[in-house]
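Here is a friendly walk through one protein model. Keep the sequence and the 3D view open while you read.

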Amino acid sequence: MKIRIRGNSVRYRLTKTEVETFCKTGHVMENTHFPNSTFMYALQAREGTEKLRATFLGDTITLYLSKSLSTDWADNDTVGFSDTVTLESGEKLFLLVEKDFVCLDATIEDQADNYPNPLAD
């Protein structure tokens, strides 16, 4: 799972295996280790959650997705889910969770477990 944070925007990209794991278990997490701490980010299925939501507690960002939307995500053509959350301050937080496609340009990262890019060909 990859995370991209820019301003008030958080995006997760999941490989095929991660999407399948999430659909089966309702949870997927990634860790980044630093000398003094570990940063974690997770995707969690949750009953009663109609929209994509987020928390940042301790050293962990967790995005929550409706359990009803997540159960068959691995088997359908839905690319991802997004939502904009209005914070208490009035600021907007954009959230996006999506399947990770193979890049069309040259890259050095391993993409063997990514989804085929629909724009390739």
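The text below goes through salt bridges, one aspartate, some aromatic rings and a helix.

First, some ground rules. This is a predicted model, where local features need pLDDT of at least 70 and side-chain atom pairs count only at pLDDT 80 or more, while totals for chains, interfaces and linings use all residues. Residues are numbered from 1 along each chain as its sequence is written, and side-chain values use heavy atoms, with hydrogens and water left out.

**Charged partners**

Let's start with the salt bridges (a side-chain nitrogen of Lys or Arg within 4 Å of a carboxyl oxygen of Asp or Glu). A search of the whole structure turns up 5 of them.

| Salt bridge | Distance (N to O) |
|---|---|
| Lys-2 and Asp-100 | 3.0 Å |
| Glu-98 and Arg-13 | 3.4 Å |
| Arg-13 and Asp-100 | 3.8 Å |

Where do these residues sit? Helices (H or I, at least four residues) and strands (E, at least two) are DSSP runs, numbered from the N terminus. In the salt bridge between Lys-2 and Asp-100, Lys-2 lies in strand β1 (residues 2-5) and Asp-100 in the segment after β8 (92-99), so this pair ties together parts that are 98 residues apart in sequence. The Glu-98 and Arg-13 salt bridge also links distant parts of the chain: Glu-98 is in strand β8 and Arg-13 in strand β2 (residues 9-14), 85 residues apart. Salt bridges that share partners join Lys-2, Arg-11, Arg-13, Glu-98 and Asp-100 into one network.

How covered up are they? Buried means under 20% relative accessible area, exposed means over 50%, and partly exposed is in between (1.4 Å probe, protein chains only). Asp-100 counts as buried because its relative accessibility is 2%, and Glu-98 counts as buried at 13%. Lys-2 is partly exposed at 28%, and so is Arg-13 at 23%.

**A look at Asp-83**

Next stop: Asp-83, which has its place in strand β7 (residues 80-86). Is Asp-83 buried or exposed? It has a relative accessible area of 15%, so it is buried. Its side chain is joined to that of Arg-53 by a polar contact of 3.1 Å. (A polar contact is a pair of N or O atoms within 3.5 Å; within protein, one must be able to donate a hydrogen and the other to accept it, and residues adjacent in sequence count only if both atoms are side-chain atoms.) Contact in general means heavy atoms within 4.5 Å. Leaving aside neighbours within four places in sequence, Asp-83 is in contact with Lys-51, Leu-52, Arg-53, Leu-93, Phe-94 and Leu-95.

**Rings**

Now for the aromatic pairs. Rings of Phe, Tyr and Trp (its six-membered ring) pair if their centres lie within 6.5 Å; planes under 30 degrees apart count as stacked, over 60 as edge-to-face and the rest as tilted. The structure holds 4 aromatic pairs. In one of them, the rings of Tyr-12 and Tyr-41 have centres 5.7 Å apart and planes at 50°, so the pair is tilted. Tyr-12 is in strand β2 and Tyr-41 in strand β4 (residues 38-46), 29 residues apart. Both tyrosines, Tyr-12 and Tyr-41, are buried. Phe-39 and Tyr-41 make another tilted pair, at 5.7 Å centre to centre and 35° between the planes. Phe-39 counts as partly exposed at 22% relative accessibility. Tyr-12, Phe-39 and Tyr-41 form one aromatic cluster.

**Helix α1**

Last up is helix α1 (residues 16-25), where Glu-18, Val-19, Phe-22 and Cys-23 are buried. They cover an arc of only 135° around the axis, which puts them on the same side of α1. (The arc is that of the directions from the helix axis to the C-beta atoms.) What covers these buried residues includes β2, β3 (27-33), β4, β6 (60-66), α2 (67-70) and β8. The face of α1 turned away from its buried side carries the exposed residues Lys-24 and Thr-25. Just after α1, Gly-26 takes a positive phi of about 80°.
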